[in-house]
Amino acid sequence: MVIGDARTRILDAAEQLFAGGGYEATPTVVIAKLANVPKELISQYFPRKIDVLVALVNERTHVEEDDQVDAVPGDPAGTLARLSRVLPLRASPAMRRILFREADTHGSVKERLGRLGRLNGELARRARFALGLALPGARGDAARLEVAAATFAAVLIYQENLCQLTGHQIDPDAVAELIAHSLV
């Protein structure tokens with residue numbers, strides 16, 4: 001077995017279990033069983049159970065600070081839709097559930113979601129940059145583009161909660177289209 005493989009299986013199992021029943025309700029022995037590793041191996045990678053949660057949040061919601069955006073001038077909706085496909089939160093409803101479930105009780109998770117948190121800030125920054133490329137010399141001034149980017153980032157981050165409240169999946173492409181129409 002490859003060493004990194006065990007760590008990945010531990011995180012995969014923890015993600016599934018924390019999303020399903022929550023962090024507090026998930027003993028490490030259950031994580032070990034689902035990951036098919038000895039319980040002691042979890043302690044080698046993660047000395048405390050909270051370290052598993054912190055690693056999940058930091059590694060699986062990380063957005064690279066990158067100015068490479070697949071932007072097409074004149075196509076803000078398509079640009080935002082393409083951006084949402086390369087961001088980690090679209091791919092993992094489980095991580096969105098974990099973020100919102102655990103934000104109230106774990107400061108490291110709350111910090112990732114906070115208004116000044118790295119994730120929210122980086123998503124908004126990337127969306128603003130993408131909109132600037134898609135709408136060069138746009139009718140929308142900097143403040144409007146900033147609000148549009150922040151709205152798009154918020155919907156991406158909060159879509160799991162919106163789904164739980166409304167019972168409907170939120171389509172990031174439809175949100176991109178709505179935001180784009182408000183700017184042109």
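How many aromatic pairs does the count come to by the ring-centre rule? The count comes to two aromatic pairs, where rings of Phe, Tyr and Trp (its six-membered ring) pair if their centres lie within 6.5 Å, with planes under 30 degrees apart counted as stacked, over 60 as edge-to-face and the rest as tilted. The model is predicted, so that local features need pLDDT of at least 70 and side-chain atom pairs count only at pLDDT 80 or more, while totals for chains, interfaces and linings use all residues. Residues are numbered from 1 along each chain as its sequence is written, and side-chain values use heavy atoms, with hydrogens and water left out.

**Figure 1. Overview of the protein.** The secondary structure comprises eleven helices and zero strands; helices (H or I, at least four residues) and strands (E, at least two) are DSSP runs, numbered from the N terminus. Of the 184 residues, 45% count as buried, where buried means under 20% relative accessible area, exposed over 50% and partly exposed in between (1.4 Å probe, protein chains only). Among contacts (heavy atoms within 4.5 Å) between residues at least 6 apart in sequence, 71% join residues at least 24 apart.

**Figure 2. The aromatic pairs.** F18 and Y23 form an edge-to-face pair, 5.3 Å centre to centre with 70° between the planes. Both F18 and Y23 are buried. The ring centres of Y45 and F46 lie 6.2 Å apart and their planes stand at 45°, so this pair is tilted. Y45 is partly exposed at 23% relative accessibility, whereas F46 is buried, with a relative accessible area of 3%.

Figure 3. K49 lies over the face of Y23, at 4.3 Å from the ring centre; a charge sits over a ring if NZ of Lys or CZ of Arg is within 6 Å of the ring centre and within 35 degrees of the ring normal. I50 is found in helix α4 (residues 49-60). Leaving aside neighbours within four places in sequence, I50 is in contact with Y23 and H106. The C-alpha atoms of I50 and S108 are separated by 9.6 Å, although these residues are 58 apart along the chain.

**Figure 4. Salt bridges.** The structure holds nine salt bridges, each defined as a side-chain nitrogen of Lys or Arg within 4 Å of a carboxyl oxygen of Asp or Glu. The side chains of D12 and R60 meet in one of them, at 2.7 Å from N to O. This pair links distant parts of the chain, with D12 in helix α1 (residues 3-21) and R60 in helix α4, 48 residues apart. D12 is partly exposed, with a relative accessible area of 38%. R48 forms a salt bridge with D51, the closest N and O atoms being 3.0 Å apart, and R48 is exposed at a relative accessible area of 52%. D75 and R82 also meet through their side chains in a salt bridge (3.8 Å, N to O). Salt bridges that share partners join D12, E15 and R60 into one network.

**Figure 5. Helix α7.** Helix α7 (residues 93-102) is mostly covered, with seven of its ten residues buried. The buried residues are A94, M95, R96, I98, L99, F100 and E102.
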